[in-house]
Amino acid sequence: LLLDTVCMLYRLLGSLTRIAPTALSSAFSCVMKPRVVFVLGGPGAGKGTQCEQIVAKYGYTHLSAGDLLRAEQKKAGSEFGDLIKNYIKEGQIVPVEITISLLQRAMDDTMAENSQKNKFLIDGFPRNEDNLEGWNKKMNEKVIVCFVLFFDCDIETCIHRCLERGKSSGRTDDNRESLEKRIQTYQQSSRPIIDLFEKKGKVRKVDASTSVAEVFKEVAKIFDKEG
C-alpha cells in the first residue's frame, strides 16, 4: 500500500511539472488578493510625494482616492462628475460607494495588466467611519489590509505646503477657504479612524514635518521591516 501511494505521488508530481509555467502562474494569480497599505494624514502632509518614492523603491502601485475622484469629475459624460465637484469644493467627503468603486476598478485594471502587481498604496482613504464601514462591507473579503501609514504633520506646516502647491497645481481645493474646511473635516472625521487602527496595532506613524528626504528615511525603515 505504501509503495502504491509513493508511485501515485510520483506520477502526480510528474504531471505537474509538465504543466506550462504560464498556466500555473495564471491559476495562482486567480487566488492572489490585492495587498493594501492605507496612507493617511492631513492635507499637505506629503502623502503623494512619499508614495511616489515608495512606488519607485518597493514596486507598489499608488492609488490616490482624491486623484481618482478628480479624474472622474473631469471625465466627459460621467454621471458622478458634478456631484464629486461640489463635494470637493466644499471640502466634504464624497459618498463612499463612489470612491470604493473607483478604487476597486483601478486595482482590477492594474492586476488585469499584470497579475503580479498586487501591492497597492491607497492614499487618502478611508477618511471617516462611513468610508471604513463601506470598505469592510464590500472589500473585506477581497483584499488584505497590511497596515496604515500615517504621516503626522502640524496644521500650520500643512497649510503652508498646500498654499505653495496651489500656486502651480491648479487644484480648486488648494486655497485657504477650502483648506480650513478640509482640515476641520480631517480632524473631526479622519483622525478618529487613525485612532481606531492604532488600537488594533495597525498604524505605522511617521513625523512628516521634516524634509522629504528625512521623511522617506523613516518610511523606508517601515517598508524594509514590513516587506
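Helices (H or I, at least four residues) and strands (E, at least two) are DSSP runs, numbered from the N terminus. This is a predicted model, so to speak: local features need pLDDT of at least 70 and side-chain atom pairs count only at pLDDT 80 or more, while totals for chains, interfaces and linings use all residues. Residues are numbered from 1 along each chain as its sequence is written, and side-chain values use heavy atoms, with hydrogens and water left out.

**View 1. V39 sits in strand 1.**
V39 is buried, at a relative accessible area of 0%; buried here means under 20% relative accessible area, with exposed over 50% and partly exposed in between (1.4 Å probe, protein chains only). What does V39 touch, once its neighbours within four places in sequence are left aside? Its contacts (heavy atoms within 4.5 Å) are K47, C51, L121, I122, D123, G124, F125, L149 and F151. F151 is 112 residues away from V39 along the chain, yet their C-alpha atoms are separated by 7.7 Å.

**View 2. Strand 3 pairs with strand 1 and with strand 2.**
Two strands count as paired if DSSP finds at least two bridges between them. Strands 1 and 3 run parallel and are joined by five bridges, one of them putting V39 together with D123. Strand 2 (residues 61-64) also runs parallel to strand 3, with four bridges between them; there, H62 stands opposite L121. Strand 3 itself is mostly covered, with four of its five residues buried.

**View 3. The largest nonpolar core has 26 residues.**
A nonpolar core is a set of buried Ala, Val, Leu, Ile, Met, Phe, Trp, Tyr and Cys residues joined through side-chain atoms within 4.5 Å. Which members touch the most others? They are F38, M107, I122, F125 and W135. At least two residues each come from strand 1 (35-41), helix 6 (96-113), strand 3 (119-123), helix 7 (129-139), strand 4 (144-152) and helix 9 (176-199). Helix 6 gives the largest share, six residues.

**View 4. W135 and its contacts.**
Not counting residues up to four places away in sequence, W135 touches F38, I100, L103, M107, I122, F125, N140, V143 and V145.

**View 5. Helix 4 packs against helix 6.**
The axes of helix 4 (residues 65-74) and helix 6 are 10 Å apart, at an angle of about 100 degrees. Those axes are lines fitted to C-alpha atoms, for helices over the stretch in contact, and angles run from 0 to 180 degrees between N-to-C directions. The two helices are therefore roughly perpendicular; angles under 35 degrees count as roughly parallel, over 145 as roughly antiparallel, 65 to 115 as roughly perpendicular and the rest as oblique. On the helix 4 side, A65, L68, L69 and E72 meet I98, T99, L102, L103, R105 and A106 of helix 6.

**View 6. Cysteines without a disulfide.**

Methods:
A disulfide is a pair of cysteine sulfur atoms within 2.5 Å.
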